[in-house]
Amino acid sequence: MADEELEAIRKQRLAELQAKHGNNSSDQAQQESAQREAEMRNSILAQVLEQSARARLSNLALVKPDKAKAVENYLIQMARFGQLGGKISEQGLIEILEKVSQKTEKKTTVKFNRRKVMDSDEEDDY
């Protein structure tokens with residue numbers, strides 16, 4: 001009986017190792033596809049933007065990564081549909097940034113909710 005139990009434990013351990021190894025290969029595939037996508041994005045942006053505009057966009061990505069990603073997506077979409085007539089200068093990128101800022105601008109409102117508090121000192125005065 002001990003041999004059968006030992007064999008069952010070995011099979012279970014082998015299955016766990018194979019499952020773990022299989023997950024690692026899928027993780028590697030996901031990392032490789034993400035890396036290829038990032039390289040493709042960078043190559044498209046290099047074709048579309050001038051050097052100064054790319055520098056401004058990379059600086060923006062350090063401060064506001066979500067906004068930089070939105071601008072990159074916008075530029076890549078425009079490039080795919082052929083809406084760009086040459087490389088975009090730094091001034092052109094600033095105009096695009098202003099457009100994106102207006103679309104994603106969040107208006108903050110502050111509302112004060114004042115409550116009346118019954119003060120015991122007021123009652124003593126009368």
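Does Arg-41 count as buried or exposed, and why? Select Arg-41 and take a look: Arg-41 counts as buried because its relative accessibility is 14%, where buried means under 20% relative accessible area, exposed over 50%, and partly exposed in between (1.4 Å probe, protein chains only).

Before moving on, a word about what you're looking at. This is a predicted model, in which local features need pLDDT of at least 70, side-chain atom pairs count only at pLDDT 80 or more, and totals for chains, interfaces and linings use all residues. Residues are numbered from 1 along each chain as its sequence is written, and side-chain values use heavy atoms, with hydrogens and water left out.

**Stop 1: around Arg-41.** Arg-41 belongs to helix α1 (residues 2-48).

**Stop 2: the whole chain.** Switch to a cartoon view. You'll find 5 helices and 0 strands, running α-α-α-α-α from the N terminus on. Helices (H or I, at least four residues) and strands (E, at least two) are DSSP runs, numbered from the N terminus. Of the 126 residues in the chain, 16% are buried. Take the contacts between residues at least 6 apart in sequence: 68% of them join residues at least 24 apart.

**Stop 3: two helices crossing.** Select α2 (residues 51-63) and α4 (residues 90-104). Their axes come within 8 Å and cross at roughly 35°; axes are lines fitted to C-alpha atoms, for helices over the stretch in contact, with angles from 0 to 180 degrees between N-to-C directions. Show the side chains here: α2 brings Ser-52, Ala-53, Arg-56, Leu-57 and Leu-60 to the contact, while α4 brings Glu-90, Leu-93, Ile-94 and Leu-97.

**Stop 4: a loop.** Which loop holds Gly-85? Go to the one between α3 (65-80) and α4. Gly-85 counts as exposed because its relative accessibility is 87%.

**Stop 5: a charge and a ring.** Finally, pick Phe-112 and Arg-114. Arg-114 lies over the face of Phe-112, at 5.7 Å from the ring centre. To count, NZ of Lys or CZ of Arg must be within 6 Å of the ring centre and within 35 degrees of the ring normal.

Conventions:
Contact = heavy atoms within 4.5 Å.
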